[in-house]
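Here are my notes on the model, as numbered points. Have the structure open while you read.

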Amino acid sequence: MGYAMSRLEIESELFDDGNVTNEAATSNRSKKPLHNVDHEIAQLTNLRSRPHERLCQLMPGKQKLPVSPVKMLAGREGNYSGRGRFSSADCCHMLSRYLPVNGPWPVDQMKSRAYVSQFSADGSLFVAGFQGSNIRIYNVDRGWKVQKNILAKSLRWTVTDTSLSPDQHYLVYTSMSPIVHIVNVGSTATESLANITEIHEGLDFSAADDGGYSFGIFSVKFSTDGRELVAGSNDDSIYVYDLEANKLSLRIVAHTADVNTVTFADESGNLIYSGSDDNLCKVWDRRCFVAKGKPAGVLMGHLEGITFLDSRGDGRYFISNGKDQTIKLWDIRKMSPNTPCNLDFRNYEWDYRWMDYPPQARDLKHPCDQSVATYKGHSVLRTLIRCYFSPEYSTGQKYIYTGSHDSHVYIYDLVTGAQVAVLKHHTSPVRDCSWHPHYPMLVSSSWDGDVVRWGFPGNGETPAPVSKKRIRRRYYY
């Protein structure tokens with residue numbers, strides 16, 4: 001599909017007159033916000049991304065947002081704020097206007113489905129995992145050159161997840177197996193064939209008392225200090241692995257269905273968030289789990305299973321993607337000690353792996369919804385589609401973005417809930433996507449095998465044609 005066939009929809013209100021002009025199709029959607037989050041997080045988001053009041057002042061008592069780059073620069077030179085420089089919020093206001101919606105440019109094209117795609121914490125590396133056993137690490141700073149091509153060992157069905165260590169020396173990858181493999185990605189060899197050119201050490205997550213039962217792992221994450229791994233599995237459990245002791249340190253039978261997603265809440269590593277096919281998000285405090293043996297709290301609101309969680313990194317807020325076709329924003333201070341509501345009003349049979357979401361279910365609401373906000377428009381079908389907060393450095397986390405079964409990438413405004421952009425290029429579900437931590441750049445990967453890069457309008461690059469190939473699709477897994 002060439003550039004002429006790549007489409008995007010973006011709300012023109014993001015760019016005021018005289019600023020960036022978008023040459024692609026303009027959205028016909030209503031610009032009316034879906035909601036305005038009347039919550040502390042709205043104030044926190046504004047503090048991170050709103051410019052100094054004197055920079056957005058047209059005249060005494062009258063302000064206009066967003067502020068154009070020219071006015072921002074003039075205000076800085078005139079020292080309107082009294083600081084003589086831009087604050088981090090001023091910088092976020094400038095950068096967050098340049099959404100990565102132009103393109104795409106090809107990064108790679110494989111003959112198998114892409115399941116995972118993530119930037120490293122500093123944005124210098126990019127990791128993509130494919131169903132055909134390949135995991136590729138690209139050096140972003142060297143023109144997206146393949147730095148490491150890993151051929152996964154003992155793969156069952158697909159690479160379900162990967163995680164790069166904080167020092168970027170090691171990568172772990174998971175499959176539908178209790179063995180998590182760890183690879184030294186700092187070695188000089190480009191080709192990493194399991195136990196042929198390099199050792200892919202296997203970390204056994206099975207517990208001594210599980211009777212040898214085999215299970216699969218859907219999600220894995222390094223802790224911030226790189227000493228531990230947390231994983232979620234299809235045996236309803238959360239696992240914590242101590243890398244220094246080289247042994248499993250904790251197993252929690254956490255849910256009553258598959259644990260599709262887990263993540264550490266913040267840098268401390270004490271809090272863990274989990275999401276499951278039992279429709280619940282749970283918060284686990286490791287400091288008191290041994291004594292209590294139960295979660296610190298439960299959050300209800302999704303009508304169907306949860307496919308992914310992303311933490312805001314502050315130990316308080318996170319978002320979840322659900323098979324009820326929604327993203328929800330959560331504040332863990334609203335959690336309950338148990339689940340007082342039983343969902344007994346579902347009167348339809350549905351399986352997201354091969355069926356469309358029932359029309360009669362789209363307007364249903366959870367009677368005990370504890371979420372702060374809900375975001376709709378994308379599609380969560382066939383696979384565990386992921387969603388994220390936009391980067392703190394460049395946007396102040398004022399956006400939420402997600403892949404979608406309808407082959408697009410959606411970007412929502414966190415506070416208003418409005419769809420601010422829809423990136424259209426792929427021909428199959430977009431399972432994962434990643435926004436560069438510092439630059440207005442987003443990479444999406446899809447079951448069509450394409451990994452493509454999106455940039456901001458006016459960055460001087462002309463999108464290159466992306467050749468398309470026919471891939472046989474199977475909608476079971």
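1. Start with strand β6, residues 125-130: it is mostly covered, with 6 of its 6 residues buried. Strands are DSSP runs of E, at least two residues long, numbered from the N terminus.

2. A word on what you're looking at: this is a predicted model, where local features need pLDDT of at least 70, side-chain atom pairs count only at pLDDT 80 or more, and totals for chains, interfaces and linings use all residues. Residues are numbered from 1 along each chain as its sequence is written, and side-chain values use heavy atoms, with hydrogens and water left out.

3. Back to β6. In a regular strand the side chains alternate between the two faces of the sheet. Leu125, Val127 and Gly129 point one way from β6, Phe126, Ala128 and Phe130 point the other way, and all are buried.

4. Strand β5 (residues 114-119) runs antiparallel to β6 and is joined to it by 5 bridges, with Ala114 opposite Phe130. β7 (residues 134-139) is also antiparallel to β6, again through 5 bridges, and here Gly129 faces Ile135.

5. The β5-β6 hairpin has 5 residues between its strands, and Gly123 takes a positive phi near 80°. In the β6-β7 hairpin there are 3 residues between the strands, and Ser133 in the turn has a positive phi of about 80°.

6. Elsewhere, an open sheet of 4 strands has the order β4-β32-β31-β30, paired antiparallel. β4 (102-109) and β30 (432-435) are at the edges with a single partner strand each, so one side of each has no neighbour in the sheet. β30 pairs with β31 (residues 442-445) in the antiparallel sense over 4 bridges, and Ser434 has Val443 in β31 as its bridge partner.

7. Which residues lie nearest the centre of the largest pocket? They are Gln118, Phe119, Ala121, Asp310 and Ser311, out of 40 lining residues. The strands that each supply at least two lining residues include β5 and β30. By class, the lining has 16 nonpolar, 14 polar and 10 charged residues; Ala, Val, Leu, Ile, Met, Phe, Trp, Tyr, Cys and Pro count as nonpolar, Asp, Glu, Lys and Arg as charged, and the others, Gly among them, as polar. A pocket is an open set of points on a 1 Å grid over the protein atoms alone, where a 1.4 Å probe fits, with protein on both sides within 12 Å along at least five of seven lines; lining residues have an atom within 4 Å of a point.

How values were computed
Pairing = 2+ DSSP bridges. Buried < 20%, exposed > 50% of the residue type's maximum accessible area, 1.4 Å probe, protein only.
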